[in-house]
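Me: I'm new to this one, so please take me through a single part slowly. Could you look closely at the salt bridges and what surrounds them?

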Amino acid sequence: MKQLSTKVTSNGHGQDSSYFLGWEEYEKNPYDEIKNPNGMIQMGLAENQLCFDLIESWLAKNPDAASLKRNGQSIFRELALFQDYHGMPEFKKAMAEFMEEIRGNRVTFDPKKIVLAAGSTSANETLMFCLAEPGDAFLLPTPYYPGFDRDLKWRTGAEIVPIHCSSSNGFQITESALQQAYQQAQKLDLKVKGVLVTNPSNPLGTALTRRELNLLVDFITTKNIHLISDEIYSGTMFGFEQFISVMDVLKDKKLENTEVSKRVHVVYSLSKDLGLPGFRVGAIYSNDEMIVSAATKMSSFGLVSSQTQYLLSALLSDKKFTSQYLEENQKRLKSRQKRLVSGLEAAGITCLRSNAGLFCWVDMRHLLDTNTFEAELDLWKKIVYNVKLNISPGSSCHCTEPGWFRVCFANMSEDTLDLALKRLKTFVESTDCGRMISRSSHERLKSLRKKTVSNWVFRVSWTDRVPDER
């Protein structure tokens, strides 16, 4: 008798991607300054640990919220009982106002149009279930977050068709790339239901320009399709520019309360801006009442706990705290990003100029033996297994050009980042000298290629890039 379903035994989850494989290798040998100083440093995880002290300070000053009390009286029993999957009104109001604050209060969010979800993973999948039938497609600009192959496709049956972007213009979205992706979907006999973008971009660390946003809104208007804007990094902008949301563009184009606005949906989460991925707080914002209603029904499969909502509604309602937090968070992110960029430059490595996010898009094309994705994965293996740094290869993000890597900088201390950069610099210098690995290391890498796991990495990262082979 068959033990498990086809769904869970298929490759659709993407767990065998090099993106997730790097995590597995890290977990086998994690770096610790005292216990394991020669271990692997995790630079493949987009966590924001730079401002925990600010949140911990707020918790210490607000013991009622942290202890589940109201006016000094315990409300544990109230919070422990069954919750309405519509969510607490006070929390949705606080979330809406926080989202407005990040956008400079230029746009407003109606709490009644917010659907809570257990993180952005749940929010994006819920939207896929609401908008697409199995076999329908969404267009995504490359490079994109590797987890989307799981979040958007695995359980929903939806398909992804890449919008191929190039380093020649900083990987910006162009009209020709949009049209080519749409035509490619038609050739594959896929019905395009919409476009999904991350703004700011994961993995690029760049915010979409107003030109790109205008282009996207015009495109979905012409094609009569949806636009999902995943804005979970909106509060991480650290450049001089203001974050421009798709909601800003709808307002500027006077498209609010129109049919077009009903086909534009925003995904948000507190995982990146507040550094709280473990709290599992995500949200969908939509102007379409039918989407809100359907997504709310589906949210019963991924609720945010009442305790979490109560605590965070108190924190987000403290406007003095949120204002100070956002300002300080951006300062610290800017300083840390600058530290990474300077260290990489000292090693002869450059990055795409970025202004947001918890990572840099790093150019290592000059370190490839050949201009191929196989050479990229060979380089990745050397960095993982010999340098002991887990970074994410561009092929796992469906980048069309070999040699790019995502490197995270906000999930570690400054000392750990400095050590990682020192290791990388030593590696690059040994490469420039002509011989970077010992004979034994060569033999190890050769044996690694024979492992099934390495074959998985190459197969998934290579074949998934090309839409014709989907």
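Reply: Let's start with the term itself: a salt bridge here is a side-chain nitrogen of Lys or Arg within 4 Å of a carboxyl oxygen of Asp or Glu. Searching the whole structure by that rule turns up 21 salt bridges. Before we zoom in, bear in mind that this is a predicted model, where local features need pLDDT of at least 70 and side-chain atom pairs count only at pLDDT 80 or more, while totals for chains, interfaces and linings use all residues. Residues are numbered from 1 along each chain as its sequence is written, and side-chain values use heavy atoms, with hydrogens and water left out.

Take K193 and D136, whose side chains meet in a salt bridge at 3.8 Å, N to O. This pair ties together distant parts of the chain, 57 residues apart: K193 belongs to strand β7 (residues 192-198), and D136 sits in the loop between α7 (119-131) and β5 (137-141). Those labels come from DSSP runs, numbered from the N terminus, with helices being H or I of at least four residues and strands being E of at least two.

Is K193 buried or exposed? With 18% relative accessibility, K193 counts as buried, because buried means under 20% relative accessible area, exposed means over 50%, and partly exposed is in between (1.4 Å probe, protein chains only). D136 is buried too, at 9%.

Now over to helix α14 (residues 319-346), which holds both E328 and R332, 4 residues apart, or about one turn of the helix. Their closest N and O atoms are 2.9 Å apart, and they form a salt bridge. E328 comes out as partly exposed at 27% relative accessibility, and R332 is also partly exposed, at 23%.

The side chains of R339 and D418 meet in a salt bridge at 2.9 Å, N to O. How accessible is R339? R339 has 31% relative accessibility, so this residue counts as partly exposed. D418 is partly exposed as well, at 30%.
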